[in-house]
4 protein chains.
Amino acid sequence: MAEEMEQWLSSLLRLTDEEEKMTEKQIKIIQAAVDIFADKGYASTSTSEIAQRAGVAEGTIFRHYKTKKDLLLSIVAPVMSKLVAPFVLRDLHQVLDTEYEQFEDFLRAMMRNRLEFVVKHAPIVKIMLHEIPFHPELQSQFKEQLFPQVGERLKRIITHFQSRGDLIEMPPFALLRMSVSAIMGYIFTRCYLFPEHDWNDEEEIERVVNFIMHGLAPRKE
Amino acid sequence: MAEEMEQWLSSLLRLTDEEEKMTEKQIKIIQAAVDIFADKGYASTSTSEIAQRAGVAEGTIFRHYKTKKDLLLSIVAPVMSKLVAPFVLRDLHQVLDTEYEQFEDFLRAMMRNRLEFVVKHAPIVKIMLHEIPFHPELQSQFKEQLFPQVGERLKRIITHFQSRGDLIEMPPFALLRMSVSAIMGYIFTRCYLFPEHDWNDEEEIERVVNFIMHGLAPRKE
Amino acid sequence: MAEEMEQWLSSLLRLTDEEEKMTEKQIKIIQAAVDIFADKGYASTSTSEIAQRAGVAEGTIFRHYKTKKDLLLSIVAPVMSKLVAPFVLRDLHQVLDTEYEQFEDFLRAMMRNRLEFVVKHAPIVKIMLHEIPFHPELQSQFKEQLFPQVGERLKRIITHFQSRGDLIEMPPFALLRMSVSAIMGYIFTRCYLFPEHDWNDEEEIERVVNFIMHGLAPRKE
Amino acid sequence: MAEEMEQWLSSLLRLTDEEEKMTEKQIKIIQAAVDIFADKGYASTSTSEIAQRAGVAEGTIFRHYKTKKDLLLSIVAPVMSKLVAPFVLRDLHQVLDTEYEQFEDFLRAMMRNRLEFVVKHAPIVKIMLHEIPFHPELQSQFKEQLFPQVGERLKRIITHFQSRGDLIEMPPFALLRMSVSAIMGYIFTRCYLFPEHDWNDEEEIERVVNFIMHGLAPRKE
DNA sequence: GATGAATGAGATTTCATTCAT
DNA sequence: AATGAATGAAATCTCATTCAT
């Protein structure tokens, strides 16, 4: 059902910021830009190269995006929003933090879901990763929107399971960090370090979830 | 004693590839370049900016480094070597993979040691992280030297403890991945996401080590 | 009629490689470049000087010619082709080597024709002369295209008149060399050494033709 | 005896402007410069390249030659002098224009002698040829010294044989031009166009001399 | 909307020359 | 005499952006 919700949200988002009312050329431009930005980095990509790859005149890019940076933002911003969306949305709709019976159900759902997202948007996520540190506009989006909203929500979930005695006593932020490290460690290895390797996602998800569950279980003396 | 060895190695390396017979201006250039590359990224940094910050004529940069990329490589390459060095060295000197009594001693030593390294070379490590994906020269150094050597050695250590029954049955590469994820997750959070936060490294190292040890302990039914 | 053919050929060539779909500024650039290259030599001419003389921004040059050398080649190459053209063309159209009744008619036509060509393209010919030795691209054009085609055809003509008993017994290449020396000697003196002198071309052509005819006539005992 | 005289002159010249009181490094510099200038042209040769080839520090060149152009002049000037020397000298010593019995003896001697000179100094002659048009200093040497002196002397010789009835009635300058064309045509072909070809100099000299003698003989009706 | 020639500011790089050692 | 680090002016080239068509 979390999935359903995201479906709905995605369609909502798509309407507002993507591919609707885009001309064919505009779509080509975005595609070309994503490809080359991911390949060579934003700063090393020239607008003329994008135009060429998109099969479009140089001027056409600037008809749609005032500047090169505008083009970057128009690519990265909606994906950043989508990253927050599921978390934000549940809050908005008062979905309880207890929608998952067990912490491991939550972990499993979350990991599957984020993995799917990264796989789907791999190049754009790569662009985000590389460009966030160098563009204050993106950083602020990240530090002011994404992190607080997502972080806060996750911390609440963790505190919930901790208070139920399912997780070890420890500052929630540390718990969060370790869970996320384990999950991201897999996603990163899987999508960036060895994307060509033949991965069995379900098996690996199970491993990571077990790793976290045992690693963060309350210590029994 | 692993520390001692690295001390010795570092001094060895330093002699061979760094700061020897560098002119004062050359050192200033490197320092300026490291600062600005870390701050704005390689591609967005102009050589004139480096020259200015270094208090040097622009031509001086090109007397010492044939191209801007040469300058980048001369900064990143030695640090990449140092990253491998400890692992390589122990092999060379036949130090057994069993030099640590317990896996957690090994984890602790390794995490402390790598954290120290990243803290010390934070800007250069940042540059590496950002530039490796875009420079084939660096990628090959990484994929052909660093990864195989380090990866192999680590896998051997893990297999050792696994065969002793200290670690859960699982492909060694998965064990390795999860250990490294947990460690890197901390280092990354600590050094890049929230460097200004007031960290208690020893406490956090203990947490991460415990997380890994419990997470990867053999399951008792 | 050889003239007519070349007219036709020239117009053909002009269509394919010159001044078609050139912008006004592009033509100005070529003109400026020819002037200054001829005056100071390719290597001593700066693109900024060319831009200035052409009344164009420096960037404009590089929009049309990827490099400075490209600009040089785009100037020299078509003229080199035109140098070969008349010889090649006659071959193509099976015009017999006997189209001239007498060797001296051929010499006269050829000398007049080449002189006219050099007079018309003096600056570009000067550029060619100076740059061919230093640019492998041009050398190969010269050694692989121009020389074999022209040389072969001329040798055939000479052999023809020699077999008729109009020319002295001697290796054709030596005959060719001496004829060409005499002709080129005049053209060079006339166009490069003393262009300002008041030349009577017809008279001089007669002199040179007579010189060659007597110099290369079969020796009577 | 013309040869003897030139011997003497050469040694005289050598004393004044060459290789005497040159340090070993200075000689290396000159050699390197000649090589590279001949190979790539003066303007495209960098002083650092010369220094490298000469095995000398960059500064050393400027200790001996105030500027790069000074270096060029110090290479070209003495050879230009040597080109004039034989002609000038004979005048000075009142050697009669009639030192040769026949015009063809003169041609033969002159052609042999100049060919030998060009063969010996081929790279420097190449440099001269290419640089004279672009350096006023060299041009003036050429137009004011070399040409008038040599030209005047040659014209006198030609007039002499003409007045004896050995040469056709014609402006002496035209006679001179044609003789020189024929001679230079060979030297140029032999030394620049096809230096690698296996030339039989004596045979070719005979051919050229005969060509000139017949070409310029008085016409008998 | 689309084009692509034109721009000019600025990036990288070269290089003759100087100067302290 | 010799060195080679340093310089700064200038050269080649790049590129985001504008604008007339």
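Q: Which residue of chain B forms a salt bridge with Arg177(A)?
A: This is a predicted model, in which local features need pLDDT of at least 70, side-chain atom pairs count only at pLDDT 80 or more, and totals for chains, interfaces and linings use all residues. Residues are numbered from 1 along each chain as its sequence is written, chains are lettered from A and ligands numbered from 1 in the order in which they are written, and side-chain values use heavy atoms, with hydrogens and water left out. A salt bridge is a side-chain nitrogen of Lys or Arg within 4 Å of a carboxyl oxygen of Asp or Glu. With the closest N and O atoms 3.0 Å apart, the partner of Arg177(A) is Glu204(B).

Q: How many salt bridges are counted between chain B and chain A?
A: Over all chains, the structure holds 50 salt bridges. Between chain B and chain A, the count is two.

Q: What is the area buried between chain B and chain A?
A: Contact (heavy atoms within 4.5 Å) joins 37 residues of chain B to 37 residues of chain A. Buried area is the accessible area (1.4 Å probe) that two parts lose on being put together, summed over both. Phe134(B), Arg177(B) and Phe211(B) supply 24% of the area that chain B buries against chain A, more than any other three residues. Carbon and sulfur atoms give 70% of the total, which is about 2900 Å².

Q: Which helix gives the largest share of the side of chain B that touches chain A?
A: Helices are DSSP runs (H or I, at least four residues), numbered from the N terminus. Those that each supply at least two residues of this side of chain B include helix H2 (24-40), helix H8 (136-163) and helix H10 (201-215). The largest share, ten residues, comes from H9(B).

Q: Which residue of chain A meets Glu206(A) in a salt bridge?
A: Glu206(A) lies in helix H10 (residues 201-215) of chain A and its partner in helix H6 (residues 103-120) of chain A, so the pair ties together parts that are 98 residues apart in sequence. The side chains come to 3.0 Å, N to O, and the partner is Arg108(A).

Q: How are H8(D) and H9(D) oriented to each other, roughly parallel or roughly perpendicular?
A: Axes are lines fitted to C-alpha atoms, for helices over the stretch in contact, and angles run from 0 to 180 degrees between N-to-C directions. Helix H8 (residues 136-163) of chain D and helix H9 (residues 172-193) of chain D pack at about 105°, with their axes 9 Å apart. Angles under 35 degrees count as roughly parallel, over 145 as roughly antiparallel, 65 to 115 as roughly perpendicular and the rest as oblique. H8(D) is therefore, relative to H9(D), roughly perpendicular.
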